[in-house]
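These are my notes from an afternoon of looking things up in one model.

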Amino acid sequence: QRWAAAATAAIRTSSTLSLVQQLARVTAWLHYKLDQIRVDISNFQLETLAPYLSTDGRGAEYERKRFEEARQRKVLSLAGTALWLRETLAPMADTDSGRATLQELQRDAPTTRLRVEVAGAVALLRRPSSLLADAAAASAGQTMTREFHFPETLRLDAEAMTAMQNVLQRVALTATLTATVLQVVSAAAQSGASPASRAPHRPSHSPDNIDELRTALGEWLSADDMKLADLQAGVVDSAVAIASGQGVQLGDTEQGMLRSAVQEAVSTEHPVFSTLHQRALRVVESRLLTRLGLVDTADDPDAKLAMRSLRAHIDELHGVADKLARIVEHNDNVFSSHYRVLMASIAKHMLRTEEGQATGAGAGAGAGAGAGAGAGTQ
C-alpha cells in the first residue's frame with residue numbers, strides 16, 4: 001500500500017499530464033525504487049558477511065581470492081609490488097646488517113619479512129606525491145618505472161594511507177610554523193626593542209599563545225579552501241598577538257620575515273619541514289615496530305629526539321601508526337606468499353650482484369699488483 005501511495009504521488013504533481021508523461025514518471029519512480037532496493041540488498045549482504053569475513057582469517061582469504069582472479073584476467077600484476085620491494089631492499093646491500101637481512105629473506109623468515117613490509121609502508125608515506133594519485137595512475141595502466149610505481153597489494157589501502165600522508169605533512173608544517181613564530185618573537189624580545197608608548201596592536205581573533213596557535217594551524221591546514229595568503233595572515237596576526245602578550249611589538253620587518261618564512265615552509269624541500277617530517281615518520285615507525293612486536297625502540301636515541309621535538313603531536317602520530325599497523329598486519333596475512341617469493345628472489349639477485357662486484361674488484365686489484373711487480377723486475 002505504501003508503494004501504491006508513493007507511485008500515485010509521483011504522478012499527481014499536475015492534473016494535466018498526458019498518459020505518456022504519466023508513464024514516464026511512473027517508470028522513473030520504479031527505477032528509483034529499484035536503485036533503493038539494490039542498495040538495501042548490498043547493505044544486507046555486507047551486514048551478513050561482515051561477521052563471517054572477520055573471523056578465522058576469512059577476510060584475508062576472500063581478498064586473496066579476488067586478487068588472484070584479477071591477476072588471471074590480466075587486470076592486476078605484481079610489477080609495482082616488485083619495484084616497491086626492490087626499492088625498499090636496495091639500501092641493505094651496503095651494510096653488514098643489511099646483507100644479513102638479505103640472507104634471511106632467502107629462507108622463510110616471517111619476522112624479517114614483516115620488518116621489510118614496515119619499512120616499505122613508511123617509505124610510501126614519505127613520498128611527497130599523493131599515494132591515491134599514484135595508485136589511480138597505476139590502476140589506469142600507466143607504465144611503471146623506478147620513479148613511478150605503487151604496490152598492487154596495497155591498492156585498497158591507498159586512500160587511508162593518503163590520509164596518513166596528510167596528517168604527517170600537517171604535523172610537520174604545524175611544528176615548522178610554530179618554531180618559526182617562536183624564533184621571530186624571541187629574537188624581537190632579545191633585540192632590546194622597547195614597548196611602544198601605546199599598547200601594541202593585538203588582533204582579537206588570533207591565537208595569543210603557542211598552544212592556541214598550534215591548534216589553529218591544525219584547523220587551517222586541514223581546510224580544503226585554505227590559501228597561502230590566508231595562512232600567512234593568520235600566522236602573522238598570531239605572532240603579533242603572542243608578542244603583544246610578552247610586551248613586544250613586531251614591526252614591519254619581522255612581519256615581512258614571517259610572511260616569507262610561511263611561503264618557504266609550505267615546500268616539502270624546506271630544510272626545517274623536511275627534518276620535522278622525518279621525525280614524524282620516525283615516531284610513526286617506532287610505534288609501528290613496537291605495536292607489531294618487532295623491535296623495542298624505547299632506548300633508540302633518534303626515536304627519543306623525534307618524540308621530544310613533536311611531543312605536542314604524539315597522540316596524533318601514534319594514531320597514524322596504529323592504523324598503519326592494522327593495514328600492514330592484514331596485508332601480510334593476505335599477500336605473505338607473494339612477498340616471500342618476491343623478497344627471496346630480489347635478495348638473491350642483490351647478493352649475487354654484490355658478490356660479482358667484489359670478485360671483479362679483487363681480480364682487478366690482483367691484475368694491477370701483477371703489472372706493478374712485472375714493471376719492477378724490468
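Predicted model: local features only at pLDDT ≥ 70, side-chain atom pairs only at ≥ 80, totals over all residues.

Entry 1, a helix pair. I looked up helix α9 (residues 210-222) and helix α10 (residues 228-245), and found that they pack at an angle of about 170 degrees with their axes 11 Å apart. Helices here are DSSP runs of H or I with at least four residues, numbered from the N terminus. The axes are lines fitted to C-alpha atoms over the stretch in contact, and angles run from 0 to 180 degrees between N-to-C directions. The angle makes α9 roughly antiparallel to α10, a label used for angles over 145 degrees.

I then listed the contact, meaning heavy atoms within 4.5 Å. I210, L213, L217, W220 and L221 of α9 meet L231, G234, V235, S238 and I242 of α10. I sorted these residues into 8 nonpolar, 2 polar and no charged. Nonpolar covers Ala, Val, Leu, Ile, Met, Phe, Trp, Tyr, Cys and Pro; charged covers Asp, Glu, Lys and Arg; the others, Gly among them, are polar.

Residues are numbered from 1 along each chain as its sequence is written, and side-chain values use heavy atoms, with hydrogens and water left out.

I found L154 in the loop between α7 (131-139) and α8 (158-190). Is L154 buried or exposed? Its relative accessible area is 4%, so L154 is buried (under 20%; exposed is over 50%, partly exposed in between, with a 1.4 Å probe and protein chains only). Leaving out residues up to four places away in sequence, L154 touches W84, L124, M161, I327 and N331. I also checked A135: L154 and A135 are 19 residues apart in sequence and 8.7 Å apart in space, C-alpha to C-alpha.

I found K74 in the loop between α3 (58-72) and α4 (79-89). K74 has a relative accessibility of 72%, so I wrote it down as exposed. Its phi is near 65 degrees, a positive value in a residue other than glycine. For comparison, I noted that most residues other than glycine have a negative phi.

Conventions
Helix = DSSP H or I, 4+ residues; strand = E, 2+ residues; numbered from the N terminus. Parallel < 35°, antiparallel > 145°, perpendicular 65-115°, else oblique.
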